[in-house]
Amino acid sequence: MSHDDFKPKKLHYNLSPKQLIEFAVDREGGSIAENGSLCINTGAYTGRSPKDRYIVDEALVHDHVNWEKGNIPMETSTFEKLYNKAMEYIQQKEIFVFDGFIGTDEKYRMPIRVINEFAYQNLFAQQMFVKATAEELQDISPEFTVIALPDLKAIPEIDGTNSEVFIIISFERKTVLIGGTKYSGEIKKSMFTVMNYLLPFKDVLPMHCSANIGKEGDVALFFGLSGTGKTTLSADENRKLIGDDEHGWTEKGVFNFEGGCYAKCINLSQVYEPQIWDAIREGAILENVVIDEKTGILDYNDDRYTENTRAAFPINHIDDAVLEGVGGIPKTIVFLTADATGVLPPISKLSKEQAMYHFLSGYTSKLAGTERGIVQPIATFSTCFGEPFMILKPQVYAKLLGEKIDRYNVNVFLVNTGWTGGAYGTGSRMKIKYTRAMVRAAIEGQLDHVSYITDPIFKLQMPTECPNVPTEILNPSNTWMDISEYSRKAKELANRFNENFMKFRDVSKDIEQVNYELIHNNIA
């Protein structure tokens, strides 16, 4: 953005975390928990607002953005009016600025500037993005700017928005403009979206996934929507975390977009998620977690504000994290799906063609709280396991992934972190200790030499045994009381897969064959 546009009443530049925390406590209603973390309540908005996210319909991007699915166009004139409104608003405000990078690979990282009216969100930006060294700050030149002004609310009938909230990306101005919401996730997800647009033109695959690395240098990727287990499962005491949410895959390997983690922490357990538990300490931010104001004691089980409670912390709060944020070529890919119908196997191995099919499908459930209005799991298809953020046509990302799976002979598994023994409301959520055991077995090669059986409906290859997992739960039909009800629900889901697949054009015959086999004899 132009320096002429940006004229705040007072400016604070790259303050220390301690200074930002002091501002947040003194002026922004922040509280300090017994573990030293900063607690903030974001008010009415405790999740993303997808119906308020816009892409400015500019000549630069018009032919590339997938306008058919969830990407709302905004006219340039509408954006410019809101932008000018924001600049006038800033003139009356005390503003916090962070300069740094998105991306840990020096070849592909992008210098960015984040402008906030709230100190706690500027601290969030410091945690989520990659800090510049003192030397780099002397001549850093931001290529993209994020402006987050939560108390600047739109007037829909005047400003041309759907509500008081707006998240607008302009690629020609190289600006993200956010207003009306205090939910910090909009800041990181908007820049993730920007990278998802830009990197494929450089032959780099951007991915909504977490990544970790074993002692032998073997890299594993975990794809999935928020709440499906990306952060929890990749934070493994036996492996080093590269990153928990957003990565790029280059000719040399993978790199983290971020410098921190944004973990969902409802029902957080010190026993099952010790790395995340220990990472929440001084310097971390907790959003919408219930705190006793007198004692500072936290209640991670209390969802009175939202189920989408969040912890934001720098990656160096994770023991043995890969601080440089890079790893080699992945050996294993795990697709995480929270199946609310309870009919998908807890783990299955995919062929390359099945991997491409399930990547394009992106079947999962939106979990309570991750978006406005979501109060219970809702089955959904999110292309590339991150459709809201993957704004190019899905075949672009799928083609890149397929080429890499083929070139490097990557093993791909589909893991159901959702329900077993019945659908949501009847069955139970898959125990995390079993899911973790299955994922470890897949990554460590323990499932390479076991026998498999084919699921009769979904044609998935299910292992007949897995270390530290009861054999009877590996086949979902064994966990239902009523096998006929299981079959009915499974066929309903197969039909939904087919209906969703019909929207894709120009896919290969091999992928079409996967869909044919799925629906053969299943269409009611």
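This is a predicted model: local features need pLDDT of at least 70, side-chain atom pairs count only at pLDDT 80 or more; totals for chains, interfaces and linings use all residues.
Residues are numbered from 1 along each chain as its sequence is written. Local features need pLDDT of at least 70 and side-chain atom pairs pLDDT 80 or more, whereas totals for chains, interfaces and linings use all residues; side-chain values use heavy atoms, without hydrogens and water.

At their interface, 18 residues of domain 2 are in contact with 14 residues of domain 3, contact meaning heavy atoms within 4.5 Å.

The size of an interface is often given as the accessible area lost when the parts come together. For domain 2 and domain 3 this buried area is about 1100 Å², 55% of it from carbon and sulfur atoms; the value is the accessible area (1.4 Å probe) lost on being put together, summed over both parts. On the side of domain 2 that touches domain 3, the elements giving two or more residues are helix H7 (230-234), strand E14 (240-243) and helix H11 (432-443). Helices (H or I, at least four residues) and strands (E, at least two) are DSSP runs, numbered from the N terminus.

Zero salt bridges are found across this interface, a salt bridge being a side-chain nitrogen of Lys or Arg within 4 Å of a carboxyl oxygen of Asp or Glu. The whole structure, by contrast, holds 23 salt bridges. One of them joins the side chains of Lys230 and Asp245 (3.3 Å, N to O). This pair links distant parts of the chain, 15 residues apart: Lys230 belongs to helix H7, and Asp245 to the loop between E14 and strand E15 (246-249).

UniProt positions are given here in the numbering used for the model, feature names are shortened, and annotations may be inferred rather than shown by experiment. Lys189 lies in helix H6 (residues 185-198).

Lys189 is listed again in the unreviewed entry, under "binding site" with Arg48, Tyr183 and Arg310. Those residues are spread over 263 residues of sequence yet cluster in space, with a largest C-alpha distance of 14.2 Å. Arg48 is placed in the loop between strand E3 (38-40) and strand E4 (53-56).

Notes. Buried area is the accessible area (1.4 Å probe) that two parts lose on being put together, summed over both.
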